[in-house]
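Let's take a friendly walk through this model together. Here it is for you to look at.

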Amino acid sequence: MSEEEHAPEQNSLGKENFAPIEEILEGEHTGEEVKIRGWVHRTRDIGNMVFLNVRDPSGVVQTTIASDEFEEEKFEDLKDLLVESSLKVKGEVAKDERAPGGYEIRASEAEIVHASDDFPIHEDQSVEHLLDNRHLWLRSRRMRDILNVRSTVFEGIHEFFRDEGYEEFHSPILTPVACEGGATLFPVEYFDDQVYLTQSWQLYAEAAIFGMGDIYTIAPSFRAEKSRTPRHLTEYWHAEVEGLWHDLDDIIDLGEGLVLHLVEKVLEKNREELKNLDVDLEYLEDLEGPFPIITYEEAVSKLQDEGMDVSYGEDFGVPEEKKLTSLFDKPVFVTHYPKEIKAFYMKRDEEDESKVLGYDLMVPHVGELIGGSVRETKVESLERRLEEGGEDPSIYEWFLDTRRYGSVPHAGYGLGVERVLMWLCDLDHIRDAVPFPRTPNRYRP
RNA sequence: GCCGUCGUAGCUUAAUUGGCAGAGCACUCGGCUGUUAACCGAGCGGUUGGCGGUUCGAAUCCGCCCGACGGCGCCA
């Protein structure tokens, strides 16, 4: 291949040996000639000199473009660059008090990769405008920080379950059945039939444990609920686990273990991001097990002692959750809810048939982080509870089969990944825990 | 599903409570060799979300619709 034919998009600055801006800001290249590449973060033009602050995924550094270093036409082109133009710059790194961050690059060469159009996002933007331009807002430091933490959380979930000996199992996204009640499913055309987007991996997982043993997943779940709150998405990522021969204590330990592992993991990998996000690092650092465990009954009486108007048998609303979580300095497990306010698949407590062997793990500002339970193992009980819930048991025949052929005790839970991020990053709204949020009013971009 | 707030230039907003739609940022042009949200001067930019009504006159008042945001409920 001749020189002309080879990689015409490459230029005098080449494609190698570019320094991450972070290293320059840490003083690693002071006095050296370096190359950087990235986007124009801000410009200031004072005539025969231009300041271009350049951003890459690791940071922002000021570059100085002096007219006597460039041919006139090149200088004019650099001077005209708008915010978010992409470019490569070569120059000497200088430590200089006058530069934001304390370091700057005095450019000797520059290559404009793409001169940007007028970028739609500036300062003082409304929530609405940033959501409409989410594809561009992902370039912000805030979104970068959150998504870095998100990446760590996904890594941490896989790591935790695999270290504990759980295998990854996948359920179908398209399913013919509900899991938590039929009114909240997104219908999907399936040739001449109708199926639904899954709400949960669980029912399929309960079939899989007979072959695979202990399993987990991280997968999207969908809820067609018009929930207008700061902690609901219609599409969210659900970390779920199902453990063979597990009882309530086992899944409490497993829930606490996962949460503590994720805290440890993000503190290890994302300290900078958490600082940028103004997170209370001390709270996370001081967090350790065991988390408090109280029964639903105890929770109700605690709330009553606090003067709240709740009676036994009601599910907790937002004010109750807020009050309850404020009484503890750690996440709190609430166990043994009345069966009426929980799902059909939860096992009854043999000591009190009106209660189920399940829990919610609750944290301040976010509410329920994990919901878990021991699963009902008797066909008759499941059929009865489905009927009580107004459902047709015949749709669940395949699921009921799991209780007909060597039924075994087992338990599991589901954790809302975006809710964990909300808690870890101290976010006001769950939509910031995901790059392209889906809410009842918004599915673009 | 219910309750509430809002919709004016690309963005953020003002408009004396019904009387000439104005500004800042961005952008364009001009000036400036150390700016820090640079600064100085000029310019471009409006179907005031849409439709209808009241009025001599509507961004402003009324009705309907659309959209967004916040809260409750439902849930992870």
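Which residues form a nonpolar patch on the surface? They are Ile-173, Leu-174, Tyr-190 and Phe-191, with about 420 Å² of accessible area together. Such patches are made of residues with over 30% relative accessible area and no salt bridge, nonpolar side chains being joined within 5 Å; a salt bridge is a side-chain nitrogen of Lys or Arg within 4 Å of a carboxyl oxygen of Asp or Glu. Areas come from the Shrake-Rupley method with a 1.4 Å probe, and for residues only the protein chains shown count as cover.

Before going on, please note that this is a predicted model, in which local features need pLDDT of at least 70 and side-chain atom pairs pLDDT 80 or more, while totals for chains, interfaces and linings use all residues. Residues are numbered from 1 along each chain as its sequence is written, chains are lettered from A and ligands numbered from 1 in the order written, and side-chain values use heavy atoms, leaving out hydrogens and water.

Now look inside. The largest nonpolar core has 54 residues, and Phe-161 and Tyr-413 have the most contacts within it. A core here is a set of buried Ala, Val, Leu, Ile, Met, Phe, Trp, Tyr and Cys residues joined through side-chain atoms within 4.5 Å, where buried means under 20% relative accessible area. A second, separate core of 34 residues includes Ile-215, Val-300, Phe-344 and Phe-399.

Finally, turn to RNA strand B. Of the 51 residues around RNA strand B (a heavy atom within 4 Å), those that come nearest are Arg-44, Arg-98, Ser-126, Arg-419 and Arg-431.

Technical notes:
Patches are made of residues with over 30% relative accessible area and no salt bridge: like charges are joined within 9 Å, nonpolar side chains (Val, Leu, Ile, Met, Phe, Trp, Tyr) within 5 Å. Buried means under 20% relative accessible area, exposed over 50%, partly exposed in between (1.4 Å probe, protein chains only).
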